[in-house]
Amino acid sequence: MTTRLTVAQALVRFLTAQHTERDGERRRLIGATWGIFGHGNVAGIGQALVEYAGVMPYHQGRNEQSMVHAAVGYARQCGRLATHAVTTSIGPGATNLVTGAALATVNHLPVLLLPGDVFATRPADPVLQQLEVPYAGDVSVNDTLRPVSRYFDRITRPEQLIPSALAAMRVLTDPVETGAVTLALPQDVQAEAYDWPEEFFAERVWTVRRPGPDPAELARAAAAVRAARRPLLVAGGGVRHSRAEAALAAFAEATGIPVASTQAGKGALRYDHPQDVGGIGHTGTATADELARTADLVIGVGTRFTDFTTASGTLFQHPDVRFLHLNIAPHDAHKLAALPLVADARTGLEELSEALAPYKVDGAYAEEYTAGKERWERRVDACFASPDPDARPTQPQVLGALDALVDESDIVINAAGSLPGDLHKLWRARSRDQYHLEYGYSCMGYEIPAALGVKLAAPEREVWALVGDGTYLMMPTEIVTAVQEGVAIKVLLVQNHGYASIGGLSAAVGGERFGTAYRFRTEEGTYTGAPLPVDLAANAASLGMRVLRAGSVRELRAALAEARAADTPTCVYVETETSDTVSGAPEAQAWWDVPVAASATRTPAVTAREQYERHVSTRRRHL
């Protein structure tokens, strides 16, 4: 039997019948579709969404990149078992997807992109917004999505949709290959009718696999752990994607091995778990980084060992240090010349625990990291403390006020600027999914739309988007979507009048904070004087959000409590103290390789180069 539908109608109907399953948990794969309509999708996908409005929820976005961020936030909160689709017009609507697609693919998070495309049959050529490529008639701006997509196809004939849609679902549900999936849809093909086999619309369940380790690799891994005197485990985002938190806790408790975490892995153990020693790398804790410097075995679980984590080859200083990588992706499992243990994080941890029994680290080592953990907690207390509740808060004191208010049900979202470093060092994660940092791509503008996606996935939870002024100015538009749809996210908007994170880095590498402050520019090209007369709180209010202003620590505490209790989208606006005489978060505990000018006349750059060369001299290749 066949059913006559347009390509767009067939695709939407197909998507409503796709499900995932893992450990007996079944979810609908595509929970909703985000869209901004224009020529290229309004008459195809737009009409199909009207046709199937009863079974495919629709969310109206304001920015195409933001819609992808919202879908990614939803996917992460759902443990990659569900995501959203995103549809756009051709031209700028499609190219606005590229940053969001890159973010999804870098972070191994599934999202389905459905950009419109130019006519396949070319009755109008060129059409509005078409990029003409003289040497290739089959290229459009959608080809910019190829390098940032895990799967890409252009549907130029109706019958092509059947194998392409199935391939798209396979990639979206593959724990190794998942990321952005793009189906470019020429506007004439979207509206073309075809007789579809009914089997295409049958319900399908895609099993999300948990592959176990190879026995030989497992034996070598267990032998390496038993031989180690000072092992350190680094938990990455793969622990959370696998829902391996309980397995990690059991492994740490059984072996006594301390657990540090990347930005994506923080929260895999609660902050007060005896083996949790906090964040690692450039934004890590002194405890975790000192353990890393003396570790003779580094056990990576679900981490890609990116530059911040590995500190450019200078953090792991033990002369005989070796690496053991438990990762579902072979590409990542072999990094740093590691012993690979290719497996799902939960399955691998469970089998490694069994193979190690009854291994336990030396008691003196456990006492050492326990004492270090206690010392760091006292430093956190000092950063969070507010001696004068009527003073303007520092950024760590802002986090301390929020830390004192939330419970394990709250979710905190951030992505870029100076906040990720302070959060990685200081935040006390109380549950496996409370700490939501997008640091694989560290994309400014992610926080507010991602908060929408997370709140849609977990409507019973309080969801906080922590946003600096630089990030806010990048992409505040989805505030309107939150107001329109009544999605009660909470935005904590921190004003420090500039790009604080990159300003600090600029100062450290001889750039003298050039171009990083929001202040009036002089004829000499420097930035000086009073901050710009920009009122971001008024801007948020003009977009429909309820705004609470806080001028002191005392007012901040009251505003946060009021916002948390609100059932409408609410923003807390606070300007932080940024004076050099005011204590902030502890300085970086590890070095990050950012090349410094090899020749310069200005003293700051000359001094920075001298420091750079000293650090570079300690760099090593792990082979």
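**Figure 1. The second largest cavity of this predicted model.** The second largest cavity holds about 60 Å³. A cavity, on a 1 Å grid over the protein atoms alone, is a set of points where a 1.4 Å probe fits but cannot get out, and lining residues have an atom within 4 Å of a point. A volume is the space filled by probe spheres set on the points, which are joined across faces, edges and corners. Here the lining includes Ile90, Gly91, Gly116, Asp117 and Val118, together with Gln129, Gln130, Leu131, Ser140, Val141 and Asn142. By class, there are 4 nonpolar, 6 polar and 1 charged residues; Ala, Val, Leu, Ile, Met, Phe, Trp, Tyr, Cys and Pro count as nonpolar, Asp, Glu, Lys and Arg as charged, and the others, Gly among them, as polar. This is a predicted model, where local features need pLDDT of at least 70 and side-chain atom pairs count only at pLDDT 80 or more, while totals for chains, interfaces and linings use all residues. Residues are numbered from 1 along each chain as its sequence is written, and side-chain values use heavy atoms, with hydrogens and water left out.

**Figure 2. The largest cavity.** Take a look at this space of about 160 Å³. Of its 20 lining residues, Lys266, Tyr271, Asp276, Gly278 and Glu377 are the closest to the centre. Strand 14 (276–279), helix 15 (363–384) and helix 17 (419–426) each give the lining at least two residues; helices (H or I, at least four residues) and strands (E, at least two) are DSSP runs, numbered from the N terminus. The lining comprises 8 nonpolar, 6 polar and 6 charged residues.

**Figure 3. The second largest pocket.** This pocket (an open set of grid points with protein on both sides within 12 Å along at least five of seven lines) has a volume of about 290 Å³. Among its 20 lining residues, Val118, Arg122, Gln130, Gly137 and Asp138 lie nearest the centre. The lining has 10 nonpolar, 4 polar and 6 charged residues.

**Figure 4. Leu248 in the largest nonpolar core.** A nonpolar core is a set of buried (under 20% relative accessible area, 1.4 Å probe, protein chains only) Ala, Val, Leu, Ile, Met, Phe, Trp, Tyr and Cys residues joined through side-chain atoms within 4.5 Å. The largest one has 52 residues, and Leu233, Leu248, Ile280 and Phe316 have the most contacts inside it. Leaving aside neighbours within four places in sequence, Leu248 is in contact (heavy atoms within 4.5 Å) with Leu233, Ala235, Val239, Val259, Ala268, Leu269 and Leu349. A second, separate core of 47 residues includes Ala71, Leu103, Ile479 and Val487.

Key:
Buried means under 20% relative accessible area, exposed over 50%, partly exposed in between (1.4 Å probe, protein chains only).
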